[in-house]
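Hello,

Here is the structure I promised to pass on to you.

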Amino acid sequence: MTDPFETVIGLEVHVQLDTRTKLFCGCRNEFGSPPNTHLCPVCYGLPGALPVPNRRAVELAVLAGLALDCEVNEESVFERKHYFYPDLPKGYQITQYEFPLAEAGSVRVRLDAGPDGEPVDRTVGINRIQIEEDAGKLVHDGFPGSDKRSGVDFNRAGVPLIEIVSDPDMRSAAEAVAYARELRSRIVYCGVSDADMEKGNLRMDGNVSVRRRGDPNYGVKVELKNLNSFRFLQRALEYEERRQREVLVAGRKVVQETRLYDEARGVTEPMRSKEEAEDYRYFPDPDLPPLRLPDGLLDAARRVLPEFPAARAARYRTGHGIAADQAERIAARRELADYYEATVAAAAGVGSPVGEAAAVAAGWITTEVASREKLDGRLTAPPERLGELVHLVAAKELPRNAAREVFQAMCDTGRTARALMADLGFGELAGESRLDEIATRLVAGHPADRDAYRAGKKKVIGFFVGRLMRELRGKADAREARAALERALDPGPGES
């Protein structure tokens with residue numbers, strides 16, 4: 001049965017910019033400081049205190065606009081948006097409205113499964129990106145010594161934000177989450193923000209409406225405020241979609257309003273009636289002239305724009321020949337992708353073919369390096385050192401299990417793989433020729449077992465593997481040892 005309704009979703013995503021100071025003053029942009037310690041007359045909007053735009057904030061906002069394929073305007077205008085709430089010290093917010101920094105962008109996202117179960121691509125339009133200042137923060141679990149009373153921390157007031165407003169192009173909560181994830185990925189990749197949602201550095205508002213399928217007009221829009229995780233975004237949107245459908249099926253009208261998502265109960269609840277633009281009394285800020293981008297800023301931002309994860313993963317798959325899941329895991333983090341490429345280059349620099357180096361490096365980075373990073377909280381081994389180890393493994397000079405021991409020692413001591421290989425007694429394992437030599441000797445020394453293998457009793461190879469591994473004190477790679485023994489056991493020309 002065809003669904004008679006269609007859901008329409010748009011998102012407003014607020015991203016704190018990674019600057020040292022606030023948007024219009026020199027107060028520190030620092031999370032976790034004691035309440036109300038990073039404030040000045042500009043933060044409060046006191047008479048005679050004049051705001052001055054933070055150039056670094058503008059640079060980061062421009063970079064975000066380019067990352068989202070927007071048209072960046074050479075001139076934009078700051079306006080005052082008036083509303084009265086305890087966390088807004090001036091009684092207005094400096095933002096952009098009629099003439100924003102960037103417009104008309106788009107993001108392409110992939111859904112794991114479309115209506116037919118196959119992955120599908122969607123394009124979501126970016127309506128606008130505007131620069132604005134953040135509000136303060138209401139604290140309801142009390143300040144130290146406050147006996148659990150609520151209070152206001154104005155440290156966040158004036159911190160630089162960009163608000164990224166999408167077009168109403170999404171038709172499900174899954175699409176909205178995929179879009180939000182891609183947005184966050186690009187923002188982090190560019191260094192615009194760490195987008196740490198636990199710290200409130202990325203917050204989302206969802207606009208949801210439901211209409212009869214085929215109706216060209218949108219339904220009544222409900223705004224869901226301050227969603228700070230992808231899980232809550234999906235749950236809140238799904239609940240609100242169901243709620244509005246039930247209202248329409250019952251023959252009632254959806255009320256335009258702003259609602260909050262109750263995480264504990266999994267429901268949305270009314271917060272206030274929805275304001276319109278005229279309620280905010282926008283007008284150009286008289287203390288701030290139009291923002292004109294400095295000469296060369298736009299070109300400089302284009303030059304530092306990185307290759308994004310999807311394109312990077314595709315290049316790793318086609319150019320390096322590594323598995324799709326490894327390519328996506330590595331490309332997802334810019335730091336890790338840069339580390340991988342530097343490792344491959346280092347391995348190639350000491351003699352490994354790029355294809356072999358890439359395959360070995362991808363396997364190591366997604367396993368051993370990932371485990372060690374969890375332990376140390378950082379990528380411990382420099383890529384040039386890991387590249388040398390990758391070369392030794394790719395050239396079969398060092399078995400994998402021995403290489404794991406060398407890698408751990410390399411992380412602990414900072415010494416080179418070759419030096420540690422010798423110190424740990426792995427020099428005698430170097431190369432296929434060493435394994436072939438031992439395998440040939442073992443096979444020749446046990447003719448009855450050799451003949452049994454050649455007669456079809458293939459399980460006999462386990463005896464030889466055990467002998468070889470014991471001789472090398474368990475330091476050889478079991479797969480490579482087995483391969484060497486199979487070469488020795490297979491009858492050569494003239495043998496029976």
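Tyr261 is buried, at a relative accessible area of 12%; buried here means under 20%, exposed over 50% and partly exposed in between, with a 1.4 Å probe and protein chains only. Phe232 counts as buried too, at 13% relative accessibility. The ring centres of Phe232 and Tyr261 are 6.1 Å apart and the planes are at 50°, so this pair is tilted. For the cut-offs, rings of Phe, Tyr and Trp (its six-membered ring) pair if their centres lie within 6.5 Å, and planes under 30 degrees apart count as stacked, over 60 as edge-to-face and the rest as tilted. Phe232 sits in helix H4 and Tyr261 in strand E13 (residues 257-262), so to speak of distant parts of the chain, 29 residues apart.Helices (H or I, at least four residues) and strands (E, at least two) are DSSP runs, numbered from the N terminus.

Before going further, two notes on the basis of all this. This is a predicted model, in which local features need pLDDT of at least 70 and side-chain atom pairs count only at pLDDT 80 or more, while totals for chains, interfaces and linings use all residues. Residues are numbered from 1 along each chain as its sequence is written, and side-chain values use heavy atoms, with hydrogens and water left out.

Back to the rings: the whole structure holds 9 aromatic pairs. In one of them, Tyr83 and Tyr280 have ring centres 6.2 Å apart and planes at 75°, so the pair is edge-to-face. Tyr83 lies in the loop between strand E4 (79-82) and strand E5 (92-95), and Tyr280 in the loop between E14 and strand E15 (283-284), so the pair ties together parts that are 197 residues apart in sequence. Tyr83 is partly exposed at 25% relative accessible area, whereas Tyr280 is buried at 12%. Tyr83, Tyr97, Tyr280 and Tyr282 form one aromatic cluster.

E4 and E5 are joined by 4 bridges in the antiparallel sense; strands pair if DSSP finds at least two bridges between them. Arg80 has Ile94 of E5 as its bridge partner. E5 is covered on both faces, with Tyr92 and Ile94 buried on one side and Gln93 and Thr95 buried on the other.

There is also an open sheet of 9 strands with mixed pairing, in the order E2-E6-E7-E10-E1-E11-E12-E13-E14. Its edge strands, E2 (71-72) and E14 (267-273), each pair on one side only. Within the sheet, E1 (residues 5-16) runs antiparallel to E10 (residues 160-166), with 5 bridges between them. Glu12 has Val165 in E10 as its bridge partner.

A pocket is an open set of points on a 1 Å grid over the protein atoms alone, where a 1.4 Å probe fits and protein lies on both sides within 12 Å along at least five of seven lines; lining residues have an atom within 4 Å of a point. The lining has 32 residues, and Arg110, Glu182, Ser185, Pro309 and Ala310 lie nearest the centre. H3 gives the most to this lining, with 10 residues. By class, the lining has 15 nonpolar, 2 polar and 15 charged residues.

Finally, the cysteines: a search of the whole structure finds 0 disulfides, a disulfide being a pair of cysteine sulfur atoms within 2.5 Å. The sulfur of Cys70 is 12 Å from the closest cysteine sulfur, in Cys190, which is too far for a bond. Cys70 is buried at 9% relative accessibility, and Cys411 is buried at 11%.

Best wishes

Methods: Ala, Val, Leu, Ile, Met, Phe, Trp, Tyr, Cys and Pro count as nonpolar, Asp, Glu, Lys and Arg as charged, and the others, Gly among them, as polar.
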